[in-house]
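User: I'm new to reading protein models. Could you walk me through a few features, starting with the general idea each time?

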Amino acid sequence: IIFGWIGVIYMVWLYLTWLPAYLEKERGVSIKSTAMLLAIPYIAGTLGQLAGGFVPDWLVSKGMKPVLSRKWPICVGLIFAAVFTVPAAYTPSLAMAVACISAAMFFVNMSSGAGWALVSVSAPRRLVATLGSFMNFGGYLGASAAPVITGFVVKETGSFVLALLIAAGVSVVGALFYAFVVKDPIPDPSLEPAK
């Protein structure tokens, strides 16, 4: 969960910290227009957060196990966040870039919402906050790395293309951690028989 969460928060912080500069420097949008354009992806991100709560509940209502119902929206969200970030890096169209970034923000924020829901079903009730704090530690690593790596790459290359591709890669790696490492709830050690 820690390593998967790095993938979620890396992408979230890439867009939180660098989206205004991306629109201004890479796309030539004025500061005034940037403010208005930013609303579109952030609204999409808000809708993604809501989906991150509703989709797992819907999957549970259809009979999916609680861990799986949270894990798969995270994986799908991370993969699609990467899928939409790649064309945002290459398209010459501002409208297409904003549309792709909006979709990426929807999906990565869906992962974020489902990630917190996963914590609630992955640990015994008395350990949920502990697991959440470990997960958040991974998030801080991703949140710290994204602005620094992006700034370095943009400074060295003069473009956001490689920075966006790195974020897409980190997102896919996060999805792989969730898909192949996160499996079953953590057993409650207090319920195990004494030896």
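Analyst: Here is a short tour of surface, inside and contacts. This is a predicted model, so to speak of local features we need pLDDT of at least 70, side-chain atom pairs count only at pLDDT 80 or more, and totals for chains, interfaces and linings use all residues. Residues are numbered from 1 along each chain as its sequence is written, and side-chain values use heavy atoms, with hydrogens and water left out.

User: Let's go. Which residues make the nonpolar surface patch?

Analyst: First, the rule: a patch takes residues with over 30% relative accessible area and no salt bridge, joining nonpolar side chains (Val, Leu, Ile, Met, Phe, Trp, Tyr) within 5 Å and like charges within 9 Å. The areas come from the Shrake-Rupley method with a 1.4 Å probe, and for residues only the protein chains shown count as cover. Here the patch covers about 940 Å², and its members are Phe 3, Val 76, Ile 79, Phe 80, Val 83, Val 172, Val 173, Leu 176, Phe 177, Phe 180 and Val 181.

User: Which helix gives the most to that patch?

Analyst: Helices are DSSP runs (H or I, at least four residues), numbered from the N terminus, while strands are E runs of at least two. Helix 6 gives the most, with 5 residues. Helix 3 (66–90) and helix 6 (161–180) each supply at least two. Val 181 sits in the segment after helix 6.

User: Is Val 181 buried or exposed?

Analyst: Buried means under 20% relative accessible area, exposed means over 50%, and partly exposed is in between (1.4 Å probe, protein chains only). Val 181 has 53%, so it is exposed. Tyr 42 belongs to helix 2 (residues 31–61), and at 27% Tyr 42 is partly exposed.

User: Now the inside. How many cavities of 30 Å³ or more are there?

Analyst: Rolling a probe the size of a water molecule over the atoms shows where empty space is left. On a 1 Å grid over the protein atoms alone, a cavity is a set of points where a 1.4 Å probe fits but cannot get out, and lining residues have an atom within 4 Å of a point. Points are joined across faces, edges and corners, and the volume is the space filled by probe spheres set on them. The count here is 1 cavity, and the largest cavity has a volume of about 40 Å³.

User: What lines the largest cavity?

Analyst: The lining is Leu 14, Tyr 15, Trp 18, Leu 19, Tyr 22, Ile 101, Phe 160 and Leu 164. Helix 1 (residues 2–26) gives the most, with 5 residues. The lining divides into 8 nonpolar, no polar and no charged residues. In that sorting, Ala, Val, Leu, Ile, Met, Phe, Trp, Tyr, Cys and Pro are nonpolar, Asp, Glu, Lys and Arg are charged, and the others, Gly among them, are polar.

User: And which side chains meet in a salt bridge?

Analyst: The test is a side-chain nitrogen of Lys or Arg within 4 Å of a carboxyl oxygen of Asp or Glu. A search of the whole structure finds 1: Arg 126 with Asp 188, at 2.9 Å, N to O. Arg 126 is in the loop between helix 4 (94–122) and helix 5 (128–157) and Asp 188 is in the segment after helix 6, so the pair ties together parts 62 residues apart in sequence. Arg 126 is partly exposed at 49% relative accessibility, whereas Asp 188, at 17%, is buried.

Technical notes:
On a 1 Å grid over the protein atoms alone, a cavity is a set of points where a 1.4 Å probe fits but cannot get out, and a pocket is an open set with protein on both sides within 12 Å along at least five of seven lines; lining residues have an atom within 4 Å of a point.
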